[in-house]
Amino acid sequence: MPDPDPVPFSDAMDGPMYVVTAASAGRLAGCLVGFASQCSIEPPRFVVWLSTANRTYRVAREAEYLTVHVLRRDQRALAELFGGRTGDEVDKFAEVGWRPGVGGTPVLSEARAWFTGRVEGVVPGGDHVGFLLSPAEQSPADSAPPVPPLRYADVRDLQAGHPA
């Protein structure tokens with residue numbers, strides 16, 4: 001029998017937030033991601049977990065590359081756009097500056113730290129699927145003073161564009 005009062009898993013994990021973008025067959029997509037991590041040192045690998053309910057997942061399934069943008073604490077508006085609205089209803093890229101990166105994947109102009117990774121594999125994980133990435137391109141070194149990352153606690157109240 002399940003515990004009637006389990007410890008909320010999400011409260012224990014206050015990790016950084018990312019915007020992940022994809023391009024495939026002329027379609028662009030992007031979403032807010034809180035499930036992501038480096039997963040190998042040699043070779044270098046990173047995994048991002050995309051909800052199977054959202055458009056970014058559908059575009060990413062056909063994409064060769066994904067771009068992972070690290071959000072800063074002062075970028076809540078960007079988190080709201082990519083996490084609180086769905087690409088099924090709005091063109092998120094019409095509202096932000098971006099340029100095509102490797103494989104046409106959007107690189108957001110507001111992002112100071114980002115990397116593009118080649119999709120090396122996918123891992124099923126319930127209502128999210130992990131995309132295993134090997135680095136292909138990254139943002140130039142940033143000489144500006146560091147700004148703390150946007151964290152899950154900063155966007156906990158955000159209403160998602162799609163249910164999980």
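A hairpin takes the chain from β3 to β4 through 4 residues. Strand β3 covers residues 36–40 and runs antiparallel to β4, with 4 bridges between them; strands count as paired if DSSP finds at least two bridges between them. Helices (H or I, at least four residues) and strands (E, at least two) are DSSP runs, numbered from the N terminus. Within this pairing, Q38 has F46 of β4 as its bridge partner. For context, most peptide bonds are trans, and most residues other than glycine have a negative phi.

All of this is read from a predicted model, in which local features need pLDDT of at least 70 and side-chain atom pairs count only at pLDDT 80 or more, while totals for chains, interfaces and linings use all residues. Residues are numbered from 1 along each chain as its sequence is written, and side-chain values use heavy atoms, with hydrogens and water left out.

Zooming out, the protein chain has 4 helices and 9 strands, arranged along the sequence as α-β-β-β-β-α-β-α-β-β-β-β-α. At the β2 end, β1 and β2 pair in the antiparallel sense over 7 bridges, and V19 has L32 as its bridge partner in β2. Axes here are lines fitted to C-alpha atoms, for helices over the stretch in contact, and angles run from 0 to 180 degrees between N-to-C directions; contact means heavy atoms within 4.5 Å.

Now for the aromatic rings. Rings of Phe, Tyr and Trp (its six-membered ring) pair if their centres lie within 6.5 Å, with planes under 30 degrees apart counted as stacked, over 60 as edge-to-face and the rest as tilted. By this rule there are 5 aromatic pairs. Y18 and F46 are edge-to-face because their ring centres are 5.9 Å apart and their planes stand at 80°. This pair links distant parts of the chain, with Y18 in strand β1 (residues 18–24) and F46 in strand β4 (residues 45–51), 28 residues apart. Y18 is buried at 10% relative accessibility, and F46 is buried at 12%; buried means under 20% relative accessible area, exposed over 50% and partly exposed in between (1.4 Å probe, protein chains only). Another edge-to-face pair is F93 and W98, at 5.8 Å centre to centre and 70° between the planes. F93 is buried, with a relative accessible area of 7%, whereas W98 is partly exposed at 31%. Ring pairs also link Y18, F46 and F115 into a cluster.

A25 lies in the loop between β1 and β2 and has a phi near 50°, a positive value in a residue other than glycine. With 76% relative accessibility, A25 counts as exposed. F35 lies in the loop between β2 and β3 and is partly exposed at 47%. Leaving aside residues up to four places away in sequence, F35 touches V47, V48, W49 and H128. From F35 to L50 the C-alpha to C-alpha distance is 7.9 Å, across 15 residues of sequence.

As for cysteines, a search of the whole structure turns up 0 disulfides, a disulfide being a pair of cysteine sulfur atoms within 2.5 Å. C31 is buried, with a relative accessible area of 5%, while C39 is partly exposed at 45%.

Finally, some totals. Buried residues make up 39% of the 164 residues in the protein chain. Of the contacts with a separation of 6 or more, 68% come from residues 24 or more positions apart. The accessible surface comes to about 8,900 Å², with 55% belonging to carbon and sulfur atoms; such areas come from the Shrake-Rupley method with a 1.4 Å probe, and for residues only the protein chains shown count as cover.
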